[in-house]
Amino acid sequence: MNLALSDEQRMIRESADAVLAELASSARTRAAMETDPGFDSAAWEHVAAELGWCAMAVPEACGGLGLGAVELVQLFEPMGRSLFCAPYFSTVALALPVLLHQADEAARDRYLPMIAEGRLRVTAPMPDGAGDHPRSTLHAHCLDGRWQLGGRVERIVDGASAELLLLPARCEDGLGWFAVRAEDARCEPIAGWDRTRRFAALALEATPALRIDAKRQDASKAAALSRLCLAAEQLGGAQACLDMTVAYVAERKQFGRSIASFQAVKHRCARMMVDVEALRSMVYGAAALFAETEGALSTGAPSPGAIAPPSPAGGRGEQRAVADECAIALALAKDTYFSCAQEAIQLHGGVGFTWEYDPQLHLKRAQAGAHWMGTASALRERIAERVFA
């Protein structure tokens, strides 16, 4: 498998690095996380509407750029490195996969152009544990041809700042997906460790809703894309922990010399680098497999030098391969990000956990994300069950 990026993909990455270096510096991130919405609205407007980042994976027929999973990884990785405070993850990594793989054509035509133009912030619940479907205690009733939802959603990313909610609910014919205006639901913000990302609980009572699920859905593909985006984000966070640690030990003096010259410190930094590079190969490989098998996010033949893995077996085997690769990538990402954040704290010494330094922000992000879309052990058990079934 060739993991070299195409010229277009490298340009996306370089552009994202340059933009986020300005919009998501440590100072701006800390300022954004203290605001009521939890993000810098000017920065969000710039990346979502002006730069068209929300249009990246939206099909061209719906006003998007029609690019694929590999291009998404080039955005999510630097976002994770900079702890970018914005509703991009909820809109693109959680809600967009639902619209692409589980919603009907009418919902896609209605909402995808607005997402592509950066005019709509959307969120959806995460897949529950290592499964493909979110856990739902909501119930739906159809009265005179109009749907209403009732119940609670205990945790949803950016629930307080979203303008549209995509929610699963139990119906007489099974699990359905519904679009709800955020203003029609009662939102209860939830305090958490990671202040760079906001959660909320939702309460619904006879709330008007629009049913959007298609007759043929691919929940495994939607969950796989969400997991891939989270893995890419955590890859960026692990890289940030390595970079800031190497920079710190190079300037920190002990016994008259830089502690970077100590063999024990060298070994620990080298171990971090090996882990990060192994994770990068895993994430890029999963993205390549997803792009190879996903027609909705593709716009023709790949560019020369683009990641292009061999095509796996089709049908259910192909879907399982994509879901498994993304689950494995996320399991490795969770372990790597947390271990790199811990090492960054340790190698920064007494200042590592203080508010003035950034390792503690990454440790909190890693801890907060440890249970999202399944723990690392649960994801590995899922793969093991399939392999040995």
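Reader: Is Asp335 buried, exposed or partly exposed here?
Author: Asp335 is partly exposed, because its relative accessible area is 36%, where buried means under 20% relative accessible area, exposed means over 50% and partly exposed lies in between, computed with a 1.4 Å probe on protein chains only. This is a predicted model, in which local features need pLDDT of at least 70 and side-chain atom pairs count only at pLDDT 80 or more, while totals for chains, interfaces and linings use all residues. Residues are numbered from 1 along each chain as its sequence is written, and side-chain values use heavy atoms, with hydrogens and water left out.

Reader: And which side chain meets Asp335 in a salt bridge?
Author: That is Arg380, with 2.5 Å from N to O; a salt bridge here is a side-chain nitrogen of Lys or Arg within 4 Å of a carboxyl oxygen of Asp or Glu. The pair links distant parts of the chain, since Asp335 belongs to helix α9 (residues 316-347) and Arg380 to helix α11 (residues 376-387), 45 residues apart. Helices are DSSP runs of H or I with at least four residues, strands are runs of E with at least two, and both are numbered from the N terminus.

Reader: How many salt bridges are there by this rule?
Author: The count comes to 26 salt bridges, and one network of them links Arg13, Asp17, Glu77, Arg81, Glu277 and Arg280.

Reader: Switching to rings, how many aromatic pairs does the structure hold?
Author: It holds six aromatic pairs, where rings of Phe, Tyr and Trp (its six-membered ring) pair if their centres lie within 6.5 Å, and planes under 30 degrees apart count as stacked, over 60 as edge-to-face and the rest as tilted. One of them joins Phe76 and Tyr88, whose ring centres are 5.3 Å apart with planes at 50°, so the pair is tilted.

Reader: Are Phe76 and Tyr88 buried or exposed?
Author: Both Phe76 and Tyr88 are buried. Phe76 also forms an edge-to-face pair with Phe89, at 6.1 Å centre to centre and 90° between the planes.
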